[in-house]
Amino acid sequence: MIEPGNSTTSTSDTGHSARSGHIGVTGNGSRIRSGAATPLTVGVEEEFLLVDSRTLRVVPAAPLVLATAAGLPHQVHPEGTRYQVEIATPVADSASTLREELAALRRTLAAAAREHGCRLLAAPSPVVALEGPPHLTDDEPRQREQHRRFGALTDTLVSCGRHVHIGTLDVDTAVAVSNRVRRWLPTLIALAANSPFWNGRDTGHSSWRAVAWSGWPSAGLPPHFTSTAHFRRSVQTLLDSGAALDTKMVYWDLRPSGHWPTLEFRAPDMSPDLDTAVLQAELARALVATALREIAEHRPDPPVRDDVLRLARWRAAHDGLEGFGLDPYTGAELPAADLAEALLDLVAPELAAAGDLDHAAKALASLLRDGSGAHRQRTAFARRQDLTDVLRLLADETEAF
């Protein structure tokens, strides 16, 4: 059982709040400001690889596929390489609406891919090695500068994650909430672990994407911020040091969005299962609602040692859901499944109030029973020692709308 310590953390800022008024929460996970209840909203960005429908190797077909899917210009986007495409759901108030939007967007994008002899792959990595250097989206000056400055690090751009936006939050509130929920990022990584294979070999990790992406100097766990001013200084330091070209390159696992009034969860691998996608969104929203309630009630924010949290993040990426994780407070080794269930227990009141508890409990139970994406990939590979079987599994699961 996870037992937090006893300490308080300042969530004060320097007066940069986008809005004024007291922030609280109702029992249904809504924020209260000036007497009006506003439900927390959710939006999801999903990144996909494009693979040849026959060989299942990645192909730089994104410009063609995006042109075919141009009927949804605000919901389908290019990514860092020409092997990738991204969908972005409209803002949703309910998990059921979110699932419908994800399914519809995947269906539309898959149809566009088929017109060009491709399939969608909801996978963090191409699984097998690329043939030659990656095809960056090099028609944008920003991409060229990124490649010039960061060199071989741009090879890791051929990876796909799932980003969950929870709103509406002003930056002050997002910073305060980030401090409280960052300790659960390792568990979210374990739940979504889906990248055991990279460049044609088993990496020995369940989420190699989480490890490889940490090579970027602006990536990994966000700091614990003492104030909004501290958050702004941290971002500016990344820019001034050359670690990031711009605020879009603040690659922390969790960050107040630079473009939307949201807190953005960026840690999870991309995975093909829609119920896992919705589970991640449900847990993220419930974590934010729980943090808002704690802040409104002036509850202590127990400290977490950064060195322990960093190790917990690596252990989650290594073991995934099937192995062990680390208690974020003590560093004690615990079954990853126990940590996942502890997270569900923590946010169960907010999940229930939003009508999400039944789905979240069933989705977690299915993951614990059937295994994470990483486990399913390794099982597929074990049958014939053939990575094509892994790619076929991923493609088939991606298209199971």
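Let me begin with strand β4, which gives the most to the lining of the largest pocket, with 6 residues. Please keep in mind throughout that what we are looking at is a predicted model.

The largest pocket itself has a volume of about 1200 Å³. Of the 47 residues that line the largest pocket, those closest to its centre are Glu45, Glu79, Glu86, His163 and Glu264. If you want to trace the lining by element, those that give two or more residues to it are the strands β4 (41-52), β5 (76-78), β6 (84-88), β8 (162-167), β12 (251-252) and β14 (262-265), together with the helices α3 (141-150) and α6 (208-213).

Let me now turn to a pair of helices. Two packed helices are described by the angle between their axes and the distance between the axes. Here the axes of helix α8, residues 274-296, and helix α11, residues 357-370, come within 9 Å of each other and cross at roughly 125 degrees. That angle lies between 115 and 145 degrees, and therefore α8 counts as oblique to α11. As for handedness, the crossing of α8 and α11 is left-handed.

Which residues in α8 and α11 meet? On the α8 side they are Asp275, Thr276, Val278, Leu279 and Glu282, and these meet His359, Ala360, Ala363, Leu364 and Leu367 in α11. By class, this contact of α8 with α11 has 6 nonpolar, 2 polar and 2 charged residues.

Note on methods. Residues are numbered from 1 along each chain as its sequence is written. This is a predicted model: local features need pLDDT of at least 70, side-chain atom pairs count only at pLDDT 80 or more; totals for chains, interfaces and linings use all residues. Side-chain values use heavy atoms; hydrogens and water are left out. On a 1 Å grid over the protein atoms alone, a cavity is a set of points where a 1.4 Å probe fits but cannot get out, and a pocket is an open set with protein on both sides within 12 Å along at least five of seven lines; lining residues have an atom within 4 Å of a point. Grid points are joined across faces, edges and corners, and a volume is the space filled by probe spheres set on the points. Helices (H or I, at least four residues) and strands (E, at least two) are DSSP runs, numbered from the N terminus. Axes are lines fitted to C-alpha atoms, for helices over the stretch in contact, and angles run from 0 to 180 degrees between N-to-C directions. Angles under 35 degrees count as roughly parallel, over 145 as roughly antiparallel, 65 to 115 as roughly perpendicular and the rest as oblique. A crossing is left-handed if the near helix is turned anticlockwise from the far one by less than a right angle, and right-handed if clockwise. Contact means heavy atoms within 4.5 Å. Ala, Val, Leu, Ile, Met, Phe, Trp, Tyr, Cys and Pro count as nonpolar, Asp, Glu, Lys and Arg as charged, and the others, Gly among them, as polar.
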